[in-house]
Amino acid sequence: MLMQRRFLPFLYAAYMFVAGLFCIILTPPFQVADEPAHFMRTFQIAGGGLVGVKRSSSESGGVLPVSVRQLIDIFQDSGGTDKTQIMAGKIAASMVLPFNKTTEFAGFPNSVLYPPVSYTGAVAGVLVGKKLHSSMLGMFYLARAGNLLVNTAVGTLALCIAQDCTAVLLLLILALPMSVSLTASCSQDGMVLALMALAVALLSYFCGLSAQVRLCQGKILIIAGLVSGCVAAAKMPYALFLCLPFLCAGHKNFLSALLASLTGFIVFALWALFGSGPVIINFQVPGVMVAEQMIFVLHHIPFTLHVVLHTVHVRWWIMLRESVGVLGWLNVLLPVGFYTLAYWVSGIVFVLSFFLRWPVGLSRSGLARSLGLLVVLAMVCLGIFVALYVTWTAVQAPMVQGVQGRYFLPVLMALSLLPALLSMSDKPFTRYEYNISFLSDVLINITVIVFICASCITLYKTLIAQYW
């Protein structure tokens with residue numbers, strides 16, 4: 001069979017080496033959403049500032065070298081689509097900008113909330129740049145490269161661990177242009193996706209063990225819980241992912257699942273109490289009042305649910321497209337044909353992934369676990385909408401503002417557990433089931449390879465056309 005343990009990780013690593021370099025080189029500095037704020041948070045952590053500073057109810061951030069702000073100011077007009085805004089003069093000016101140890105306070109309230117682990121690769125890149133006495137632009141590109149290397153390594157590890165039926169779906173999500181762009185930027189979202197893939201991979205691996213072996217491998221669940229806690233620390237609605245170990249464990253491994261969830265919750269709670277909590281501010285968005293909106297939501301739950309459903313009804317197509325890839329500051333669209341290809345490939349691979357293990361072991365317990373997974377994911381999605389309604393939307397507004405498709409990529413990753421949950425059985429394959437699995441395997445490999453090639457070409461052509 002073409003799909004062996006080493007094939008998917010190798011395919012992903014090779015793809016990310018090419019597509020990731022395209023994104024690093026062809027995407028101008030700070031042309032990924034919120035990248036200036038993420039770069040400032042990266043520099044803060046690299047300087048030892050693991051937790052941010054809150055100066056007032058409307059200002060939080062940290063003390064940074066003045067050259068960080070100077071570099072960002074050079075490219076401050078790069079958020080548009082005019083190619084003249086990335087003229088050679090800006091690149092030349094930034095190349096000679098040295099690192100200046102003089103410090104000043106800088107505000108970046110939207111990224112100061114994120115935990116240091118989400119910036120592991122970018123921080124490593126900045127530290128290497130300091131060691132090499134690099135220019136500020138050099139440190140910026142090293143931060144991108146560090147994120148690409150670390151995030152790709154974690155994603156590759158996830159594909160090595162996961163069951164095949166889960167691994168193919170994880171590969172597809174990690175290979176989306178949106179995922180690649182985030183992975184190869186200074187954003188924390190790339191690491192969040194990689195960690196979520198690792199947590200899902202560990203859970204799917206546990207599901208694939210025999211019932212007897214699962215009894216003595218509870219440490220796998222605990223590690224998955226720890227990783228999920230890091231994901232939850234990055235975005236509060238993801239805390240519901242800590243319920244996933246219970247779906248994989250069953251009653252015989254209940255204690256291990258409980259320890260896994262508690263471990264993750266401790267990580268999440270510690271960061272919420274001592275990391276993000278002390279630096280939360282009221283964002284200066286017209287009409288947004290967090291306390292008033294929270295009270296309104298608690299007293300008008302049916303209306304809030306109606307607002308969420310209305311937002312989904314109006315924006316589902318936009319969010320679906322954004323999850324595949326709308327690059328830059330959410331202003332760089334891919335060709336229409338690529339979105340169509342991505343939808344078809346995702347549907348085909350999702351259906352075929354069930355036949356890699358299914359219908360082996362299909363049972364009431366498998367269906368119950370699968371239903372539980374869908375409920376958890378629905379609650380995570382609801383949590384995302386409600387969180388943005390409270391923190392980013394005017395009081396009593398009829399639609400949730402600030403919702404982006406990339407926020408739901410971890411949800412799609414968790415959904416890839418579905419085939420593994422349905423097939424938790426020690427029953428061996430029959431000859432008929434083996435043939436079905438083999439045929440599905442071949443079709444999946446052909447489909448995934450075609451999609452990855454198309455994605456790589458599309459990324460290159462889109463970035464060249466947009467910026468160069």
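## Charges

Let's start with the charged side chains: 25 are positive and 14 are negative, and the centres of the two sets lie 9 Å apart. Lys and Arg count as positive, Asp and Glu as negative, while His and the chain ends are not counted. Each charge is placed at NZ of Lys, CZ of Arg, CG of Asp or CD of Glu.

A quick word on the source: this is a predicted model, where local features need pLDDT of at least 70 and side-chain atom pairs count only at pLDDT 80 or more, though totals for chains, interfaces and linings use all residues. Residues are numbered from 1 along each chain as its sequence is written, and side-chain values use heavy atoms, with hydrogens and water left out.

## Overall build

The chain has 20 helices and 5 strands, read as DSSP runs numbered from the N terminus (helices are H or I with at least four residues, strands E with at least two). Its C-alpha atoms fill a box of roughly 70 × 50 × 45 Å along the principal axes.

## Inside the chain

Of the 468 residues, 54% are buried (under 20% relative accessible area, 1.4 Å probe, protein chains only). The largest nonpolar core holds 112 residues, and Y15, F241, L244 and M413 touch the most other members. Such a core is a set of buried Ala, Val, Leu, Ile, Met, Phe, Trp, Tyr and Cys residues joined through side-chain atoms within 4.5 Å. Helix α9, residues 189-208, gives the most to this core, with 15 residues. Apart from this core lies another, of 28 residues, including F43 and Y119.

Notes. Buried < 20%, exposed > 50% of the residue type's maximum accessible area, 1.4 Å probe, protein only.
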